[in-house]
Structure formats: C-alpha cells, structure tokens
Amino acid sequence: MSNPEIVAENGQFKVELYLNVEGKTVELRPIGALNENSKLDLVFDRLSKLSEDIKEVVFDLQGVVSANSIGIRAWLFFIEKIEPRMSLRFEKASETFVDMAGIVPNIFGKRGKLVSFCVPYQCANCKRRTFEFFKPEDIKYEDGSPQAPEAHCKTCNSTLEFDQHPDEYFGFLKNFSGSKAKG
Ligand SMILES: [Zn+2]
C-alpha cells in the first residue's frame, strides 16, 4: 500500500487516505479522538475532488479511541454527505464506534456495510486487556442473548473472558439485521 495522504490533522486526530485507483476505492483511516477539532469537512472536500470513478469508501476504524457528542454529530453529518455519492464499508470498528453504534443509529450510514468490529476481552491469567475483530455474523445468540465468540490469549493460550456486558455491547447488531449484516 502506498504512503498515506494525511487529510485532516490536529494534535489528537488525523485521517489517513489511501487511494486505490484500480480497485476504484478509497480507504480512510481516522485515528485518535473524534471531537469538535476533527475537521471532517476537509476530508469531505478531499473526497469531492476524487475522480468520479471512485465509487466506494472503505473505513478502517480501529484507530478511533474516543468520541464526544460534537464529534459524533460531525461524523453523522460527514457520513450523510458522502453516502449519496459513494458506497460505504466499515472495517474493524473500534470499541468507541461499537459503543456509539449502540446509541446512535446511522453511525455507519443508512446503507453502509459493517464488515468487522472489535470485541474486547480480559485475560485473567496475564491480567491484560486485549481484543479481537469479528464479523457481525460471528455473534451467535442463546435464548435471544448475544454471546461473545470464544477467544484465546495470544500469550498464554487461556480462554479469554469477554470484557463488556453482552446485551449492551452487541445490542447495536439488531440495527444490522437483514441486508446490512449479510453479503
Ligand atoms: Zn494470557
């Protein structure tokens, strides 16, 4: 992958842009804290200048570590503006994004496809927090309650304990039933 172009940057946040002309996609990697200084309008301006051939935006969201209410509003506005022009795919949604998705519908757009998201775990043996990425369809239900997939510590191979409340954490997935969770 080529070197990224840095589209919006302040001390706490930046967006890396990778252009894939052959695949007709652009990848955006927001990194840091999403807030009133995140300058997403600059990202939108940059996307507006791309060739009409570029039809899809792939977001890699693992780097977004926090978001405040102004940042969330700016994000929704940004997504709303690009969605009519390009299709949206969201990969590796961070814990911050999953938490937001539980509260804010349309955080991944109206028709965006969520590919994968972060699931946090704790290793009781190593006393360490860690995480894995799963697809929405990897989350199984028992008696209507979502279950965290089994995972093992990469250091000591112990079975990891899910480090969130399952009903709350996976609750956002009900917004992704039907077409959004498939394909
Ligand atoms: Zn361990």
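How many bridges join strand E1 (residues 5-9) to strand E2 (residues 13-20)? Four bridges join the two strands, which run antiparallel.

The views show a predicted model, in which local features need pLDDT of at least 70, side-chain atom pairs count only at pLDDT 80 or more, and totals for chains, interfaces and linings use all residues. Residues are numbered from 1 along each chain as its sequence is written.

**View 1. The hairpin of E1 and E2.** Strands are DSSP runs of E with at least two residues, numbered from the N terminus, and two strands pair if DSSP finds at least two bridges between them. Three residues lie between E1 and E2 in this hairpin. Isoleucine 6 stands opposite glutamate 16 in E2.

**View 2. The hairpin of E2 and E3.** Eight bridges pair E2 with strand E3 (residues 25-34) in the antiparallel sense. Leucine 17 stands opposite leucine 28 in E3. Four residues separate the two strands of the hairpin, and lysine 24 in the turn has a positive phi of about 60°.

**View 3. The open sheet E9-E8-E12.** Three strands form this sheet in the order given, and their pairing is antiparallel. Strand E9 (128-134) and strand E12 (161-162) are the edge strands, each of which pairs on one side only. Strands of a sheet pair through backbone hydrogen bonds, either parallel or antiparallel.

**View 4. The pairing of E8 with E12.** Strand E8 (residues 117-123) is joined to E12 by two bridges, and these strands run antiparallel. Tyrosine 121 stands opposite phenylalanine 162 in E12.
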